[in-house]
Structure formats: structure tokens, C-alpha cells
Amino acid sequence: MTPDQYCQDKAAASGSSFYYSFMFLPQEKRRAITALYAFCREVDDVVDECSDENVARITLNWWRTEVTAIYAGKPQHPVGQALAPLVKQFNLSQEHLLEIIDGMEMDLSQLTYADFKALQLYCYRVASVVGLLAAEIFGYSDKKTLQYANDLGMAFQLTNIIRDVGEDARRGRIYLPLDELARFGVHTGDILDAKETEGFQQLMAFQVERAQHFYEQALGQLPDADRKSQRTGLIMAAIYRATLNEVVASGCHVLKERVSLTPLRKLWLAYTTWLKN
């Protein structure tokens, strides 16, 4: 198996919404975004699948050395080998790859977030930074596109947090800001015990409104000159926003159910968004 095939299999196996947006890209850009996505999956899996925190930290530190090796042209891992010829070609920042690892590492020690400012740092590292790297791969002519990419990444991660409240709680994690829980009279124990209250529904409505704001803000900042080059990001936005809307339509019962779109619907959203832009 070649490094590119390894990354392709990693992306396809995840069933992620991102995979459907990659299909319409030219070969070299598709190769680059698939390798970037595989990198994100590898470091995320370290945190999610390793039961020993010390082993997880050691593994993440190994990935930091692998990032250094990527830029030195001597990577060991198939994902690193796939990325090595692409980081210079697409101007992918070494600092950004390291920030993604830093974000994943936050999950090892931080189970809650005091306020939205604290959560924003996490979202920036695990999602906005990925958006900035993706914007480099897709190409842009106006630097305002980077702000669009930053805010769209934030919207995606907020959508994930809303969709996965119950799933994250079963891992002992609560990403909803604690000061906002208090504002709506929701206790952390309610979330960990999957207890849906009226206050919880109000809390989730507040979270959805914030996520929608970031979608509006991001899409409003994308310069017309870069809409065509950034079509892949717009496909991701269409799929993620449709997921958020489905969560709302289903009653926001995210403590006990996880909403997802069918592969066919994701493909349809990808195809129609590509044609529109």
C-alpha cells in the first residue's frame, strides 16, 4: 500500500462529511486534502482510542517529531510520507500542524470549559487551523478568505459539539461552556446522566444560534473572487449546516441520540453545491 492509498483508506473508512467534499477536487488538491485529513484522524485517534493517558501523550509527542521529520523530508509514517512532498507545494504551515496536535492533547486533560473564550481556543486548534490549511490547498487570491476559513472551521466544530453532546458525555467530556450551563440552570450531572430539562433545551437553542452566527459570518466574508476555488469548503458548509438543521428539526435530543445524514444525502448536497458555485 502506498502512502497515498493509506490516506485514502483512512479518509474513506471514517465516513466523514469531509470525504464527500473531496470528490470534486482536481487530483493533486484531492491528494493533499486527503493527506491532511488523514493526519487529523491519526492524531485524533490517539486521544480517542488510547486508554492510558501517558501512552497517548508519548504518542502525540512522537507525532510532533514526525511533523519535524515531514519538513526535513524524512518522515516515517505513511501519512507523513504522503504529506512531505505537499507541505511546500501548498504552503502548509508546520506551526499549524503542531497546533492541531496541541488541540487534540487538550482532550487528555481538559474535560470541561469555563466559558466560550476557553472553548474557542480548543475549537481554533482542532478546527479553524484545519480550515486555514484547507484554504491554502484549495487556493485563494484575497486574504479575507482566511478569515472565512477560520470562522467556518469554528462553525463546523460548534456543530460537532452540539451533535455529539451525549456521545461526549459518555466519555466524561462536556464541551458546552460551564458559565452557560449555569445561566440556563443546567447542572453538569444532568448532562452526564442524559437528563433532558427545559433549561437544557434553552441551552441548546443558544448553542445552535451561535453556530448559525458563525456560518453566516464565515459565508459573508468569502470574497466573490475565491468562491470557485473554495467550493470544497462550501460543500462542507452545506453538509454540516444541514446536519445542524436536522438536529434542530429532530428536537435537539442530543443527549440520547446522534443525528447524521445518509451518504446519499451528503452526496446530493455535495453535487448541488458544486454546481451552484
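Student: Are Arg-64 and Glu-105 buried or exposed?
Tutor: Arg-64 is buried, and Glu-105 is buried too. Keep in mind that this is a predicted model.

Student: How far apart are the closest N and O atoms of Arg-64 and Glu-105?
Tutor: They are 2.6 Å apart, and the two residues form a salt bridge.

Student: Which helices do Arg-64 and Glu-105 lie in?
Tutor: Arg-64 lies in helix H4 (residues 53-72) and Glu-105 in helix H6 (residues 94-109). The pair therefore ties together parts that are 41 residues apart in sequence.

Student: How many salt bridges does the count come to?
Tutor: The count comes to 18 salt bridges.

Student: What does Glu-42 form a salt bridge with?
Tutor: Its partner is Lys-10, with the closest N and O atoms 3.6 Å apart. Glu-42 lies in helix H3 (residues 27-49) and Lys-10 in helix H1 (residues 3-14), so this pair ties together parts 32 residues apart in sequence.

Student: Why does Glu-42 count as buried?
Tutor: Because its relative accessible area is 10%, and buried means under 20%.

Student: Which residues are linked with Lys-10 in a network of salt bridges?
Tutor: Arg-41, Glu-42, Asp-44 and Asp-45 are linked with Lys-10 in that network.

Student: What about Arg-210, which residue does it form a salt bridge with?
Tutor: Glu-180, with the closest N and O atoms 2.5 Å apart. Arg-210 lies in helix H12 and Glu-180 in helix H10 (residues 178-183), so the pair ties together parts that are 30 residues apart in sequence.

Student: And Arg-210, buried or exposed?
Tutor: Arg-210 counts as buried, at 13% relative accessibility. Glu-180 is buried as well, with a relative accessible area of 2%.

Student: New topic, helix packing. At what angle do the axes of H8 and H12 cross?
Tutor: Roughly 160 degrees. The axes of H8 (residues 144-163) and H12 (residues 198-221) come within 8 Å.

Student: So are H8 and H12 roughly parallel or roughly antiparallel?
Tutor: Roughly antiparallel, because angles over 145 degrees count that way.

Student: Is the crossing of H8 past H12 left-handed or right-handed?
Tutor: H8 passes H12 in a left-handed crossing.

Student: Which residues make the contact?
Tutor: From H8, they include Tyr-148, Leu-152, Phe-156 and Ile-162. From H12, they include Met-204, Arg-210, Phe-214 and Leu-219.

Student: How do the residues of that contact divide into nonpolar, polar and charged?
Tutor: There are 14 nonpolar, 5 polar and 3 charged residues in the contact of H8 with H12.

Terms used: Residues are numbered from 1 along each chain as its sequence is written. This is a predicted model: local features need pLDDT of at least 70, side-chain atom pairs count only at pLDDT 80 or more; totals for chains, interfaces and linings use all residues. Side-chain values use heavy atoms; hydrogens and water are left out. Axes are lines fitted to C-alpha atoms, for helices over the stretch in contact, and angles run from 0 to 180 degrees between N-to-C directions. Helices (H or I, at least four residues) and strands (E, at least two) are DSSP runs, numbered from the N terminus. Angles under 35 degrees count as roughly parallel, over 145 as roughly antiparallel, 65 to 115 as roughly perpendicular and the rest as oblique. A crossing is left-handed if the near helix is turned anticlockwise from the far one by less than a right angle, and right-handed if clockwise. Contact means heavy atoms within 4.5 Å. Ala, Val, Leu, Ile, Met, Phe, Trp, Tyr, Cys and Pro count as nonpolar, Asp, Glu, Lys and Arg as charged, and the others, Gly among them, as polar. A salt bridge is a side-chain nitrogen of Lys or Arg within 4 Å of a carboxyl oxygen of Asp or Glu. Buried means under 20% relative accessible area, exposed over 50%, partly exposed in between (1.4 Å probe, protein chains only).
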